[in-house]
Amino acid sequence: MGGLIVICGATATGKSGLAIAIAHRLHSIILSADSRQVYRDFNIGTAKPTWEEQQQVPHYLIDICDPRETLTVADYQQQAQSLIASTAYRPPLLVGGTGLYIKSVVRGMKIPRVPPHPELRSQLADLGQSQCYAMLQQVDRAAAAKIHANDSVRTLRALEVYYVTGCPISEQQGENPPDYPILQIGLDCETQALSERISRRTQLMMDEGFVAEVEYLCEKYGTDLPLLNTLGYAEIKDYLAGKIDLEEAIGLTILHTRQFAKRQRTWFQRDADIEWFNADDPDLVEQVWQRIQEFMEKLS
């Protein structure tokens with residue numbers, strides 16, 4: 001039968017709950033599209049589906065990587081594509097808020113399979129951004145034209161790919177869209193309503209033992225672990241270090257999550273193929289299910 005159903009949107013819009021309800025009706029599986037849920041032990045702060053939820057519906061692309069390692073977008077794309085190819089009978093649900101993960105699958109992004117080379121990056125970074133950008137203009141004018149002169153991250157990556165492969169990154173990029181039909185469902189709601197959802201979720205995280213989770217992660221992996229500098233974990237880590245009090249840590253987590261959600265909304269709203277639904281509509285599940293049935297009829 002083929003096909004893929006995407007459920008995307010900003011954090012706290014209820015994607016997981018909707019996905020589980022739809023997966024039950026569809027007798028399908030859920031593929032997570034969350035860049036932090038792929039890492040083991042990072043549970044409460046990433047709103048990872050609980051063990052009970054994962055028993056209700058098979059979930060994949062969760063807990064597939066050690067937090068001390070890095071799962072690249074290319075790694076994620078390869079695993080997601082393999083899972084989609086193996087579920088030909090019922091369309092799987094690709095669910096999450098990491099836009100780049102979703103785009104890598106939906107658009108079939110061509111991603112240079114060059115892992116990070118810290119030593120090379122360090123050597124390049126020591127030259128300074130202006131020198132690096134001038135080098136990029138020499139070896140890959142097309143890439144330089146798309147990268148801002150002050151964007152050190154993308155400049156270093158482009159140079160890294162060139163010096164590792166001998167081929168400009170601009171010649172290794174592009175898209176190769178999959179040949180199966182895709183339905184993209186987006187969840188959104190009023191800004192104030194989303195802010196309230198984020199506040200409730202943050203409080204729920206605290207009630208579920210988020211502070212204890214961060215404390216455990218700091219002890220197990222060390223406070224220098226990069227993942228502990230991400231949203232929520234960084235704020236609670238500062239509280240545990242005595243830099244701020246708990247009330248301030250919670251307030252900052254809410255503030256930073258709202259800022260993050262705003263960026264997510266901007267990303268997804270650029271995609272004209274996403275069909276939007278109101279996350280607060282009491283008939284949300286029925287509305288989405290009706291749209292999915294229409295999509296399924298075209299598949300058969």
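Reply: Helix H5 (residues 118-125) and helix H8 (residues 152-165) pack at an angle of about 120 degrees, and their axes are 10 Å apart. Helices here are DSSP runs of H or I with at least four residues, and strands are runs of E with at least two, both numbered from the N terminus. Axes are lines fitted to C-alpha atoms, for helices over the stretch in contact, and angles run from 0 to 180 degrees between N-to-C directions. H5 and H8 are therefore oblique to each other; under 35 degrees counts as roughly parallel, over 145 as roughly antiparallel, 65 to 115 as roughly perpendicular, and the rest as oblique.

This is a predicted model, in which local features need pLDDT of at least 70 and side-chain atom pairs count only at pLDDT 80 or more, while totals for chains, interfaces and linings use all residues. Residues are numbered from 1 along each chain as its sequence is written, and side-chain values use heavy atoms, without hydrogens and water.

On the H5 side, the contact (heavy atoms within 4.5 Å) is made by Leu120, Arg121, Leu124 and Ala125. H8 contributes Leu156, Arg157, Leu159, Glu160, Tyr163 and Val164. By class, seven residues of this contact are nonpolar, three are charged and none is polar. Nonpolar covers Ala, Val, Leu, Ile, Met, Phe, Trp, Tyr, Cys and Pro; charged covers Asp, Glu, Lys and Arg; the others, Gly among them, are polar.
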